[in-house]
Amino acid sequence: MHIVNQLLGHGASLDLNARATNASGELALCVVAGGGRGCVLKADAPVAGIWIPLRGRLQLGSGSEALLMPGEARVTEADARLHAVGRGNAVWVALLGTLPAWRQVLHGQLGVPSPEAVLMPARHVADRELRRSALALARAAQKDDAAAACEALIDHIVALQAGFAEAIARCPGRTYAQRRQVFMRLQRVRNYLSANCHLDIDNDSLARMANYSPWHFIRAFRAAYEETPHAFLVRQRLERARRLLRASPLAIAEIALESGFENRSAFSRLFRQRFGTTAGALRRQAGSRC
């Protein structure tokens, strides 16, 4: 595995050469370890990647804006509009590369079947093991010896993405390749919903993003994920509200609005149904741990 290491410090800016190669001219993946408030990364050509914040917040733009928090990982598709900004004294690590570089690594070195040698766009929960792998990669990048840490991190992400197999099988299509392509389109919409759940989004707009009619979009989404786009949207809003209750000084009514709920009563009812407790009780519990 051929690796290029880049360190991005407090207030620094990096224009990534997405066509990075090693000294022998071979395709390479790039590890970027970012640390400090306001560090900015941009790419000069389409790159795909894995992003994991370890501390603070990472504002990630790749077609649509997303705010990543510790405990999350995101896989992004190749996009020439890529930019990332560290917020709140953030510490984060990213593993980036062109599609040919990723295919070379996933197929040639990790044994992923050739038709599947592209990571799916997705948000994943970053459990303790994944966070440890990301931290090990950030430390290895500082020593310019990141190959083994890269392989461990990619293995973990590939294992997580193996969980998509059942959803792909439920997608419409005669062949596996067709079903996988449908799933990719649905994933883009699902990721957009996850990042923008606080906005007022209608099914017609989402269907256009997936290049479907509204009826076919809702049917395909429900088949793949076993819930409607609206149900997923509400669930993401509730998860956003729970995060804000634990970390934000906003009043509960303000958090409800910030999470996309215009009706405080509906928010309270749905929150209790989802989490088995009230928003006020969760905030008091979070405060007692501080």
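Reader: How do the residues of the lining of the largest cavity divide into nonpolar, polar and charged?

Author: First, the conventions. This is a predicted model, with residues numbered from 1 along each chain as its sequence is written. Local features need pLDDT of at least 70, side-chain atom pairs count only at pLDDT 80 or more, totals for chains, interfaces and linings use all residues, and side-chain values use heavy atoms, with hydrogens and water left out. As to classes, Ala, Val, Leu, Ile, Met, Phe, Trp, Tyr, Cys and Pro count as nonpolar, Asp, Glu, Lys and Arg as charged, and the others, Gly among them, as polar. The lining of the largest cavity holds six nonpolar residues, two polar and one charged.

Reader: What is the volume of the largest cavity, and which residues line it?

Author: On a 1 Å grid over the protein atoms alone, a cavity is a set of points where a 1.4 Å probe fits but cannot get out, and lining residues have an atom within 4 Å of a point. Grid points are joined across faces, edges and corners, and a volume is the space filled by probe spheres set on the points. The search of the whole structure finds two cavities of 30 Å³ or more, and the largest has a volume of about 50 Å³. Its lining consists of Ala48, Gly49, Val75, Thr76, Glu77, Leu99, Trp102, Val118 and Leu119. The elements that give two or more residues to this lining are β5 (47-61), β7 (72-79) and α1 (99-109); here helices (H or I, at least four residues) and strands (E, at least two) are DSSP runs, numbered from the N terminus. The largest share, three residues, comes from β7.

Reader: How many residues has the largest nonpolar core, and which have the most contacts inside it?

Author: A nonpolar core is a set of buried Ala, Val, Leu, Ile, Met, Phe, Trp, Tyr and Cys residues joined through side-chain atoms within 4.5 Å. Buried means under 20% relative accessible area, exposed over 50%, and partly exposed in between (1.4 Å probe, protein chains only). The largest core has 33 residues, and Val31, Ile50, Trp102 and Ile154 have the most contacts inside it. Two or more residues each come from β3 (29-35), β5, β7, β8 (83-97), α1, α2 (128-142) and α3 (147-161). The most, six residues, come from α2. Apart from this core lies another, of 25 residues, among them Phe183, Leu206, Ala210 and Phe221.

Reader: Which residues does Trp102 touch?

Author: Contact means heavy atoms within 4.5 Å. Not counting residues up to four places away in sequence, Trp102 touches Leu29, Ala48, Gly49, Ile50, Leu95, Leu96, Gly97, Ala117, Leu119 and Ile154. Trp102 also belongs to the lining of the largest cavity.

Reader: How much space lies in the largest pocket, and how is its lining made up?

Author: A pocket is an open set of grid points with protein on both sides within 12 Å along at least five of seven lines. About 710 Å³ of space lies in the largest one. Its lining has 22 residues, of which Glu72, Arg123, His124, Val125 and Gln236 lie nearest its centre. By class, the lining comprises eight nonpolar, seven polar and seven charged residues. At least two residues each come from β9 (122-125), α5 and α8 (229-247), and α8 supplies the largest share, seven.

Reader: With which side chain does the side chain of Ser194 make a polar contact?

Author: A polar contact is a pair of N or O atoms within 3.5 Å; within protein, one must be able to donate a hydrogen and the other to accept it, and residues adjacent in sequence count only if both atoms are side-chain atoms. The partner of Ser194 is the side chain of Gln236, at 3.2 Å. Ser194 lies in helix α5 (residues 176-195) and is buried, with a relative accessible area of 12%.

Reader: What is phi of Asp144 near?

Author: Phi of Asp144 is near 60°, a positive value in a residue other than glycine. Asp144 is placed in the loop between α2 and α3 and is exposed, at 59% relative accessible area.
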